[in-house]
Amino acid sequence: MAHAVLTLTDRGLYCAAGDFFIDPWRPVDRALITHGHADHARPGHRRYLCTDGCLPVMRHRLGDVVAETVRYGEVRRIGDAEVSFHPAGHVPGSAQIRVAVRGEVWVVSGDYKVEDDGLSEAFAPLPCHAFISECTFGLPVFHWQKQAVVADQINRWWADNAAAGRVSLLAAYSLGKAQRLLHLLDPAIGPILTHAAVENTNAVLRAQGLRLPDTIKITPDLDRKAHPGALIVAPPAVLGSPWARRFGALSTGYASGWMQMRGVRRRRAADRGFVISDHADWGGLLGAIKATGAEKLFLTHGYTDIFTRFLRDQGYDAHVLATEYGGEDGAEAEDAGDAA
Amino acid sequence: MRRFAALFTVIDQTTRTSEKVAALAAYFSRAPDADKLWTIAIFSGRRPKRAVTTTRLRDWAAEAAGIPLWLFEDSYAVVGDLAETIALVLPPARGASDGDLSHWINLLRDMTNSDDEARKQAVLRAWDRLDTTERLVFNKLLTGGFRMGVSQKLMTRALAQATGRDEAELAHRLMGDWSPDTTSFADLIEAEDATADLSRPYPFCLAYGVEDLAALGPASDWLAEWKWDGIRAQVIARGGALHIWSRGEELMTDRFPELARLAGDLPDGTVLDGELVAWDGAAPLPFAALQKRITRKTVPKKLLAEAPVILLAYDLLEAGGADLRTAPLSDRRARLDTLLDALPQGAPVQASPVIMAEDWDRLSAIRAEAREKKAEGLMIKRRASPYHVGRKRGDWWKWKLDPLTIDAVMIYAQAGHGRRANLFTDFTFAVWQGNELVPFTKAYSGLTDAEFGQITQWVRRNTLQRFGPVRQVTPHHVFEIAFEGIQESPRHKSGIALRFPRMLRWRQDKTVDQADSLDHLRALLAQYG
């Protein structure tokens with residue numbers, strides 16, 4: 001029987017052959033990081049290893065940590081393990097991590113989406129024996145429309161608001177989702193304003209060569225009436241806050257995969273919900289899993305119980321992996337800091 | 001269906017009342033009459049008869065989506081809305097349809113006469129020709145649960161805008177016993193004779209909870225009555241027949257045979273407003289006694305003897321066929337008392353007594369006696385006020401007693417529906433009996449969204465066992481449960497049933513051993529039951 005390349009410990013996924021952890025949630029000596037979101041890149045490790053595209057954001061969040069970087073596809077030998085990072089398509093710089101030990105190949109997906117968003121390096125499936133996959137949206141009710149369709153909806157909403165003399169407030173997670181939306185906006189409609197949390201991440205990503213439209217950072221002395229027809233990109237926490245009310249007549253939009261569910265959207269009290277996610281939808285997950293050719297599957301954050309049972313029905317050797325990424329399910333996964 | 005689905009989308013995408021009304025008014029200005037009539041019917045709770053069971057719909061949806069039924073059911077538990085779950089799991093439609101709303105409703109109605117296989121084919125064909133929103137609307141029509149943030153009041157306002165008619169007059173026209181089968185848009189909305197239907201009730205005047213007593217001015221401007229815990233009803237005697245309408249616009253005449261004699265007792269052209277209560281000869285029986293009556297369409301003799309119903313009348317809306325609603329309450333009340341005095345002995349209607357008090361302090365002292373009077377508190381009504389259409393601030397106020405409360409431990413949790421899908425909002429609570437926690441009530445309201453979010457995260461991490469959608473959780477959290485009344489109930493494990501239980505406070509300052517006991521609950525029962 002094939003040996004286990006990775007095992008689950010109380011600190012996270014551990015590779016004994018290379019004596020390292022992947023996205024650990026408690027401090028360890030050596031951490032390999034799939035991407036810079038808070039539930040995956042945590043503070044307190046002695047050494048970090050990540051892609052060169054991931055490091056600036058990680059440093060922005062965690063400070064001056066001891067870190068080494070690799071390029072996508074570059075193979076590193078750590079102990080008895082061969083390690084390489086491959087695009088996950090989740091956010092710029094995000095990776096799947098491939099670990100090979102004596103011919104046995106395991107892949108940790110991190111967070112991923114299969115549609116090429118034109119900003120992140122595009123996801124490509126990796127053949128492996130065991131695949132550790134996220135399944136945030138692992139229910140057959142989640143089907144994403146093409147990005148261009150959602151971009152149209154957002155731009156039309158913005159243009160309608162601008163014509164009606166309303167400011168548009170688009171709520172999205174500051175790292176990743178916000179930049180993806182900026183990338184989809186049509187700057188011809190009006191000026192784009194950004195909340196400081198979004199703009200700080202923009203600065204980091206622009207510095208590493210990402211092309212984003214021009215934005216105006218919202219500061220306390222900004223003349224809020226000087227930007228008619230503007231669209232504001234801000235973190236979800238500002239919805240309904242005094243910060244948002246100062247802009248006068250607003251239409252609010254919320255961009256997230258959870259907006260697929262009316263109940264969640266109504267709870268968010270946004271005028272519009274735009275269904276767009278940096279995670280794979282139902283079809284995306286099933287397609288990605290099949291493409292790896294993996295015999296063994298481990299499922300993390302999302303509807304793991306349900307998704308795992310379905311995969312078993314389909315004949316896969318599938319198991320739930322109780323990790324501490326994100327929320328277990330539901331809208332609070334976003335509140336926990338995961339970019340859904 | 002496109003026009004109606006577009007209306008649904010606009011309404012669903014805004015939280016602003018003005019935008020909803022504008023969208024509805026635009027719809028009422030453009031849609032064909034048959035669609036308008038059905039739209040009015042849908043938003044006033046008159047849905048087409050359910051053509052298929054939800055069990056069959058689930059089977060067909062899972063089959064069409066190519067997923068096992070258990071996965072469909074699990075998805076439904078997450079989404080919290082059956083019509084929406086079906087719309088989301090189905091593969092993209094291969095066709096489209098120009099059929100309007102009444103076309104699809106007629107298809108549903110035709111289905112009631114066909115066999116199971118024909119129904120299935122009709123539904124599958126429909127799903128394959130409708131986009132996701134149209135499917136959602138179609139499924140809502142199929143499953144009969146149409147709630148989309150439009151009250152009858154909003155719909156009536158929009159209809160008034162679109163037709164240029166008076167809103168109150170329209171509200172009156174939309175009351176009573178009609179369906180799209182028995183009328184047309186022209187007859188219902190435009191015909192000259194608005195009183196054609198002798199059974200038609202008036203729109204009920206409704207009250208808000210009192211906010212600021214000090215702002216109400218001198219107590220002498222007001223009239224107080226006990227607030228009874230019964231069924232609000234209009235009793236209509238016209239053309240020699242009697243009609244009893246609930247506030248939910250349900251015709252309940254046949255459920256209360258003891259009131260039938262009022263057809264002869266009351267002068268022709270009389271409409272009374274009041275509360276139906278089960279009556280022990282001197283005071284109302286607990287609501288539970290009345291509840292047994294409501295669920296029965298025909299009443300067995302024994303029940304009729306155990307829980308005889310009377311009307312405690314407090315308003316006179318029509319006398320001698322004339323609409324009195326614009327007359328001041330004090331006049332209406334005087335005429336009501338005169339009318340009731342003239343009734344023969346033993347008539348199943350009595351005046352709900354008027355409570356007079358010189359000042360608010362005295363009234364407050366009277367209110368404190370409400371439980372002994374088997375009432376929930378007081379109603380206070382401005383003596384000079386007309387009988388308004390619907391809920392309006394200013395002239396009628398509810399002044400209820402503070403609820404009874406008990407500290408209880410949460411032991412089970414279940415996810416909610418609709419807006420609360422995917423959140424744990426429905427809890428079962430227990431009190432101590434020795435070392436054992438005995439469940440005694442459920443409650444699902446009273447917390448903020450933020451609190452529900454917090455408790456949801458906690459439930460996920462502290463689930464001991466699952467029973468389908470229900471999770472047994474670690475007994476840890478104490479909640480102060482408020483309720484309006486308490487009754488003995490052999491159907492409940494604790495032997496006790498509460499009226500209107502809800503969560504008043506999350507007592508994070510209390511540990512489970514500080515929760516109340518069953519003995520304490522029994523003491524409340526002995527005092528107030």
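This is a predicted model: local features need pLDDT of at least 70, side-chain atom pairs count only at pLDDT 80 or more; totals for chains, interfaces and linings use all residues.
Local features are given only at pLDDT of at least 70 and side-chain atom pairs only at pLDDT 80 or more, while totals for chains, interfaces and linings use all residues. Residues are numbered from 1 along each chain as its sequence is written, and chains are lettered from A and ligands numbered from 1 in the order in which they are written.

**View 1. Chain B as a whole.** Chain B has 19 helices and 22 strands (DSSP runs numbered from the N terminus; helices are H or I with at least four residues, strands are E with at least two). Its C-alpha atoms fill a box of roughly 70 × 70 × 50 Å along the principal axes. Of the 529 residues of chain B, 38% count as buried (20 or more other C-beta atoms within 10 Å of a residue's own, with C-beta atoms placed from the backbone).

**View 2. Helices H1 and H2 of chain B.** The axes of H1(B) (residues 2–12) and H2(B) (residues 17–30) come within 9 Å and cross at roughly 170° (axes are lines fitted to C-alpha atoms over the stretch in contact; angles run from 0 to 180 degrees between N-to-C directions). H1(B) and H2(B) are therefore roughly antiparallel (angles over 145 degrees). H1(B) contributes Arg3(B), Leu7(B), Val10(B) and Ile11(B) to the contact, and H2(B) contributes Lys20(B), Ala23(B), Leu24(B) and Tyr27(B) (in contact means C-beta atoms, placed from the backbone, within 7 Å). These residues divide into 6 nonpolar, no polar and 2 charged (Ala, Val, Leu, Ile, Met, Phe, Trp, Tyr, Cys and Pro are nonpolar; Asp, Glu, Lys and Arg are charged; the others, Gly among them, are polar).

**View 3. Domains 1 and 3 of chain B.** The domain assignment of chain B gives domain 1 (2–143), domain 2 (205–400) and domain 3 (404–528) (bounds come from an automatic or database assignment). The centres of domain 1 and domain 3 of chain B, over C-alpha atoms, are separated by 36 Å. In chain B, 5 residues of domain 1 are in contact with 8 residues of domain 3.

**View 4. The contact of chain A with chain B.** Chain A gives 21 residues to the contact and chain B gives 27 residues. On the side of chain A, helix H6 (262–268) and helix H8 (304–313) each supply at least two residues. H6(A) provides the largest share of that side, 5 residues.

Methods:
Angles under 35 degrees count as roughly parallel, over 145 as roughly antiparallel, 65 to 115 as roughly perpendicular and the rest as oblique. Two residues are in contact if their C-beta atoms, placed from the backbone, lie within 7 Å. A residue is buried if 20 or more other C-beta atoms lie within 10 Å of its own, exposed if 12 or fewer, and partly exposed in between; C-beta atoms are placed from the backbone.
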